[in-house]
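Please read the text alongside the sequence and the structure shown here.

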Amino acid sequence: MSSTQDLVYPQILFQYNNGFLVSKIMFTACELGVFDLLLESEGSLSSDAIAERLGTSVSGMERLLDACVGLKLLGVEMKSEGAFYRNTELSKLYLTKSSPKSQYHNLMYYSKTVYLCWHYLTDAVRDGKNQYERAFGVSSKDLFGALYRSEEEMITFMYGLNAIWSICGRDVIAAFDLSSFTVIYDLGGCAGGLAQECISLYPNSTVTIYDLPKVVQVTKERFVPPEERRITFHEGDFFKDPIPEADLYILARILHDWADDKCMQLLTKIHKACKPGGGVLLVETLLNEDKTGPLEAHLFSLMMLVQTEGKERTPAEYSKLLTAAGFREIQVKKTGKLYDAILGRK
Ligand code: SAM
């Protein structure tokens, strides 16, 4: 055997094998409040102090903290009294609840929902469909009925999905010059993270968040302040109810939820409603045309398998759907971040 086979292959293998252990360490430290406590304490703390303040065992906490050090989520200093732990820049920025770029809610959605669904990945591949019945005992006939199987689950989903826009929202909204579009509908706009980015970058725009009634209610109550006059709301079902006329429709992480026939139904309806010269902006994670990656897109596509009716697609696949619905001048922009943008014009 060559030295590459001896050295590198086992490393890759064990790294993949341990992937979910790593996720769980990060989720657990977040859930227990380790990073928030260290932020509050404005300094380093011993494992005894952390365990006491968070109400855990010392033996468990010590191991969790050491593993976080190994993952560079915490730093450690050895003092005469023992080990003292502190947040790293990464955990301070992304894992504390109060940071403007916090991914805490996204991680909690992964920990409490995505993780359980992925337990049934083998079944999902066998069946070719999502696994709500096995994972949660609920029918998936109505996809968002299953996703929003309780108020709590819906709110966790909304916080979780919204978190990413504090990292990549600006990149997708700035991928094209959208300043000529003043009346914008964010279809399936959820908690409004992208709508906020949009009005902050384009001072002449107004954005209407169009979503299911119970989602709109929560967005109004918890996410968009009432004094924000440039964001308005529309309660409706974009498959069944009318879609009002606008200059631009944003579809962020919408088409990846649905099979091609549903995507066509929605895009055709949007094309009819769209003002001439207007457009549609798709925001999705794009697969390479040759399907070689990026890995995140492959992972998301499997996530769509276990949790939705859709999949991730290549730019050519999205262009085909847009063209068939009547859109033209299709442009694709890879942002270099997690989400990319495609603009089609009417
Ligand atoms: N665009 C948001 C984002 O990227 O953060 C949310 C994406 S989430 C995957 C899909 C969104 O579509 C949810 O907010 C959901 O409530 C909404 N949705 C699903 N079915 C819908 C329907 N039939 N009519 C209107 N909105 C719908």
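## Terms and basis

A residue counts as buried under 20% relative accessible area, as exposed over 50%, and as partly exposed in between, with a 1.4 Å probe and protein chains only. This is a predicted model, in which local features need pLDDT of at least 70 and side-chain atom pairs count only at pLDDT 80 or more, while totals for chains, interfaces and linings use all residues. Residues are numbered from 1 along each chain as its sequence is written, and side-chain values use heavy atoms, with hydrogens and water left out.

## Salt bridges

The structure holds 13 salt bridges, a salt bridge being a side-chain nitrogen of Lys or Arg within 4 Å of a carboxyl oxygen of Asp or Glu. One of them pairs aspartate 171 with lysine 337 at 2.8 Å, N to O. Because aspartate 171 sits in helix α12 (residues 165-173) and lysine 337 in the loop between β9 (328-333) and β10 (340-345), this pair ties together parts that are 166 residues apart in sequence; helices (H or I, at least four residues) and strands (E, at least two) are DSSP runs, numbered from the N terminus. Both partners are partly exposed, aspartate 171 with a relative accessible area of 26% and lysine 337 with 39%.

Salt bridges that share partners also join Asp123, Asp127 and Arg134 into one network. Within it, the side chains of arginine 134 and aspartate 127 meet at 2.8 Å, N to O; arginine 134 is partly exposed at 43% relative accessible area, and aspartate 127 is partly exposed at 37%.

## A buried glutamate without a salt bridge

Glutamate 312, in the loop between α16 (295-307) and α17 (315-325), is buried yet has no salt bridge, and the nearest side chain of opposite charge, arginine 313, is 6.9 Å away.

Leaving out residues up to four places away in sequence, glutamate 312 touches several residues, including His256, Glu284 and Tyr318, where contact means heavy atoms within 4.5 Å.

## A buried valine

Valine 114 belongs to helix α7 (residues 104-118) and is buried, with a relative accessible area of 5%. Apart from its neighbours within four places in sequence, valine 114 is in contact with Tyr109, Met303 and Gln307.

Note on methods:
Lys and Arg count as positive and Asp and Glu as negative; His and the chain ends are not counted.
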